[in-house]
Amino acid sequence: MYVSPGEVIVDHAGAQHRLVAFNGKSGGLSVLFTDATSGVTTYSANRSVAIDADDDVLRAGGPIDVDLNRATNLPC
């Protein structure tokens, strides 16, 4: 079962995007997302990115770094 502790709000190209966050495998968070490459050069359903953030940062509400260049395709 997945637990969602909240959302990650990402500012990109002058717009805010809300990503549902899930508990990461080894702490931190994991988010799923799609973008303009979905179904073209990447898996069409979504990609995943792990976000390193300790519990103190998460409780305080951010800010955290989200490096979408580190996104991976799901193994399905």
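Mentor: Two residues are in contact when heavy atoms lie within 4.5 Å. In this structure, Asn 46 touches Leu 32, Phe 33, Thr 34 and Leu 74, not counting residues up to four places away in sequence. The model is a predicted one, in which local features need pLDDT of at least 70, side-chain atom pairs count only at pLDDT 80 or more, and totals for chains, interfaces and linings use all residues. Residues are numbered from 1 along each chain as its sequence is written, and side-chain values use heavy atoms, with hydrogens and water left out.

Trainee: Where is Asn 46 found, and why does Asn 46 count as buried or exposed?

Mentor: Buried means under 20% relative accessible area, exposed means over 50%, and partly exposed lies in between (1.4 Å probe, protein chains only). Asn 46 is in the loop between E3 and E4, and it counts as buried because its relative accessibility is 17%.

Trainee: Which elements does the protein chain have, and how many?

Mentor: Helices (H or I, at least four residues) and strands (E, at least two) are DSSP runs, numbered from the N terminus. The protein chain has one helix and five strands, in the order β-β-β-β-α-β from the N terminus on. Its radius of gyration is 13 Å, close to the 11 Å that the globule rule gives for 76 residues, so the chain is as compact as a globular protein of that length. That radius is taken over C-alpha atoms, and the globule rule is 2.2 Å times the number of residues to the power 0.38.

Trainee: Which residues make up the largest nonpolar core?

Mentor: In soluble globular proteins, nonpolar side chains tend to be buried together. A nonpolar core is a set of buried Ala, Val, Leu, Ile, Met, Phe, Trp, Tyr and Cys residues joined through side-chain atoms within 4.5 Å. Here the largest has ten residues: Val 8, Val 10, Leu 19, Ala 21, Leu 29, Val 31, Phe 33, Val 49, Ile 51 and Ala 71. At least two residues of this core come from each of strands E1 (6-12), E2 (15-23), E3 (29-33) and E4 (47-51). E3 gives the largest share, three residues.

Trainee: What is Leu 19 in contact with, leaving aside its neighbours within four places in sequence?

Mentor: Leu 19 meets Gly 6, Glu 7, Val 8, Val 10, Val 31, Leu 32 and Phe 33.

Trainee: What is phi of Ala 13, and where does Ala 13 lie?

Mentor: Phi of Ala 13 is near 55 degrees, a positive value in a residue other than glycine. Ala 13 lies in the loop between E1 and E2 and, at 74% relative accessibility, counts as exposed.
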